[in-house]
Amino acid sequence: MNPIETKMLKNTPADIALAAELLKRGELVVMPTETVYGLAADARNEAAVAAIFTAKGRPQDNPLIVHISDLSELQALVKSVPEAAKKLAAAYWPGPLTMILPRSSSIPAVVSAGLDTVAVRFPSHPVAQALIRESGCPLAAPSANLSGSPSPTTAAHVAADLNGRVSAIVDGGACQVGLESTVVSLVGDKPRLLRPGGITLAQLQAVLGDVEVDDAVTHKLKEGAVVASPGMKYKHYAPKAKVVLVKGTPAAFAAFVNSKKADGVYALCFSGEETALTVPTLTYGRREDASAQAQQLFYCLRRADELGAKTLYTACPSEDGVGLAVYNRLLRAAAFEVIDLDAPTKKSVVLGLTGPTGSGKSAVADVLKAHGAVIIDADKVARDVVEKGEPCLAALVEAFGTEILNPDETLNRRALAAKAFASDDQTARLTALTHPFILARMRKELAEAEKAGAKLIVVDAPLLFESGFDRVCDKTVAVLAPREARLSRICARDGISEKAAAERMARQPDDEFYAARATRLIRNDGDLAALYSAAEEIIQWLNP
Ligand code: TXA
Ligand code: MG
């Protein structure tokens, strides 16, 4: 649109008279109200109303509020005045409350974006009342901002958006409420709160009894959802800076925000809490004072942009009373993302699983895995760390010679065993060498699983207690089995003689060793079904 000259007017009789004259002629005038500044035009003049949409860059499907200066003016705008509207008007008009009522034909459809209802408000601001009275027009007026940005609460903020787009701006000082009016629909079966504002939900309930709260008040609308209040579907109230809403105690908020300190990082915090912050701050009222927060919020959002803030970490307000309106606007500014520092970060449960060879430990691990546990298998890790190219393999070559390598430089296990098990000294040397690598890899895998948010992590390790790895486990389970059963299982599994299996078993600790250390034992002396049900019980017990 071509820029026009914008007159800056004051709250004087001459300026009010001039502004009223402009309105009568179908021009656009920005007026102060107790909530936010409004971009006003004669609601009965279709061309003037259309110009509002153009000046704001407002989507055509978002209806406007019609403002009146006396209750007697209501009748002409609506088809009927329900009992609930009369009661609300008596209690809260003039004031920051808008009612949705059936639209009469005196209001053109463009005002309501084609809906058969109309939003009506009787503002308490004396300048708004004077303009309506003197112009003799019901005034259609959305907030006087460019569509999408925060509503203006000072004449300077209006001018920043609309200078050159309206005929006049009447300066009435800073708005008292600071957020747009409460919008309540009275056309359905039950009164419904569409937009929270200066008149609280409790105040509506005090007059009307039951009041439904539209989902859009605190929730993001689903794609394609039908909305009661079209204005709620747009990303609103957002400054250019990215707003990040953070819930938490003053100390937690400060610690979190201070850790983000960088160029362009600002905090919007409650008054009195700025001293704990090391980033530049804006304050918007005391933590317990929702009215002050409402009054200053939009001013601060715009101020943040003026200061060049890139990210604005904002202390999350309470949802009580007027706080619901503050929260509603901030949720939208933050695109519905809230970081909750109080939310318990449920950490992973780490279970150490051990037992002598052939006890059935792996079968238990399989059941836990089927329940979603992440398994860290020490035997597998022991194989992984001696893969070709691994530093552990290099260390083994250094200690035992290149004879332990195959021609392709992979580990020749048989050759290593021949050397390492030749004497107790050599065996000890092998253990001392490999264990640090294995433990480091297991710790790394554990950290990764925790970071990935695994609920249950099972560390399956024959040497759980000997290695000290049990100390990083929340609980430990040892699987034990009768000697005969283990013996035959080892022979069958590894294809070795009974004698060799017996020798291997003899090198392992006895049942008492495990019983003295484990949080819990599984005695695998029944059939497989019994073992499985014992494993299921472990899941119940851990309740990850
Ligand atoms: O405090 C206020 O209400 C300010 C001042 C200037 O009065 N005005 C204001 O207007 O906030 P605006 O246009 O920015 O917001 C009007 C809201 C929008 O969310 C719109 O969708 C809703 O009211 N609305 C208007 N007419 C409606 C209707 N017939 N049915 C449902 N919602 C309606
Ligand atoms: Mg608006």
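Predicted model: local features only at pLDDT ≥ 70, side-chain atom pairs only at ≥ 80, totals over all residues.
**Stop 1: helices α1 and α5**

Select residues 13-24, helix α1, together with residues 126-135, helix α5. Their axes are 8 Å apart and meet at an angle of about 55°, so α1 is oblique to α5. The crossing of the two helices is right-handed. To see the contact, show the side chains of Ile16, Ala17, Ala19, Ala20, Leu23 and Lys24 on α1, and those of Val127, Ala130, Leu131, Glu134 and Ser135 on α5. Sorted by class, this contact of α1 with α5 comprises eight nonpolar residues, one polar residue and two charged residues.

**Stop 2**

Inspect the peptide bond from Trp93 to Pro94: it is cis, with omega near -5°.

Is Gly95 buried or exposed? With a relative accessible area of 2%, Gly95 is buried, since the cut-off for burial is under 20%. Beyond residues up to four places away in sequence, Gly95 touches Glu34, Arg121, Phe122, Pro123 and Ser124. A distance drawn between the C-alpha atoms of Gly95 and Pro123 reads 5.0 Å, although the two residues are 28 places apart along the chain.

**Stop 3: the largest nonpolar core**

Select Val30, Leu39, Leu88, Trp93, Leu97 and Met99, which touch the most other members of the largest nonpolar core, a set of 48 residues. The elements that each supply at least two residues of this core are β3 (38-42), α2 (46-56), α3 (74-77), α4, β5, β6 (117-121), α6 (155-162) and α7 (201-208). Helix α2 gives the most, with five residues.

Centre the view on Leu97. Which residues does Leu97 contact, leaving aside its neighbours within four places in sequence? They are Leu88, Tyr92, Val120, Arg121, Phe122, Ser181, Thr182, Val184, Ile199 and Leu204. Another core, of 42 residues, lies apart from the largest one; select Ala241, Val243, Phe256 and Leu282, which are among its members.

**Stop 4: Thr154**

Select Thr154 in the loop between β7 (139-140) and α6. Thr154 is buried, at a relative accessible area of 16%. Not counting residues up to four places away in sequence, Thr154 touches Tyr37, Gly173 and Tyr299.

**Stop 5**

Select residues 323-333, helix α10. How many of the 11 residues of α10 are buried? The count is 11 of the 11, so the helix is largely enclosed by the rest of the structure. The buried residues include the charged pair Arg329 and Arg332, as well as Gly323 and Asn328.

Continue into the loop between α10 and β16, where Ala335 lies. Ala335 has a positive phi of about 55° although it is not a glycine. At 38% relative accessibility, Ala335 counts as partly exposed. Phe336 is found in this loop between α10 and β16 too, and its phi is near 70°, again a positive value in a residue other than glycine. Phe336 is partly exposed, at 24% relative accessibility.

**Stop 5: helices α11 and α20**

Select residues 361-370, helix α11, and residues 528-542, helix α20. The axes lie 9 Å apart at an angle of about 50°, which makes α11 oblique to α20. Their crossing is right-handed. Ala363, Val364, Val367 and Leu368 of α11 meet Leu531, Tyr532, Ala535, Glu536, Ile538 and Ile539 of α20. The residues of this contact divide into nine nonpolar, no polar and one charged.

**Stop 6: helices α17 and α18**

Finish with residues 483-494, helix α17, and residues 498-506, helix α18. These helices pack at an angle of about 120°, with their axes 9 Å apart, and α17 is therefore oblique to α18. The crossing of α17 and α18 is right-handed. On α17, display Arg483, Arg486, Leu487, Ile490, Cys491, Arg493 and Asp494; on α18, display Glu498, Ala501, Ala502, Arg504 and Met505, which they meet. By class, the contact of α17 with α18 has six nonpolar, no polar and six charged residues.

Notes. Residues numbered from 1 in each chain as written. Chains lettered and ligands numbered in written order. Heavy atoms only, no water. Axes fitted to C-alpha atoms, helices over the stretch in contact; angles between N-to-C directions. Helix = DSSP H or I, 4+ residues; strand = E, 2+ residues; numbered from the N terminus. Parallel < 35°, antiparallel > 145°, perpendicular 65-115°, else oblique. Left-handed = near helix turned anticlockwise from the far one by under 90°. Contact = heavy atoms within 4.5 Å. Buried < 20%, exposed > 50% of the residue type's maximum accessible area, 1.4 Å probe, protein only. Core = buried A, V, L, I, M, F, W, Y, C linked by side-chain atoms within 4.5 Å.
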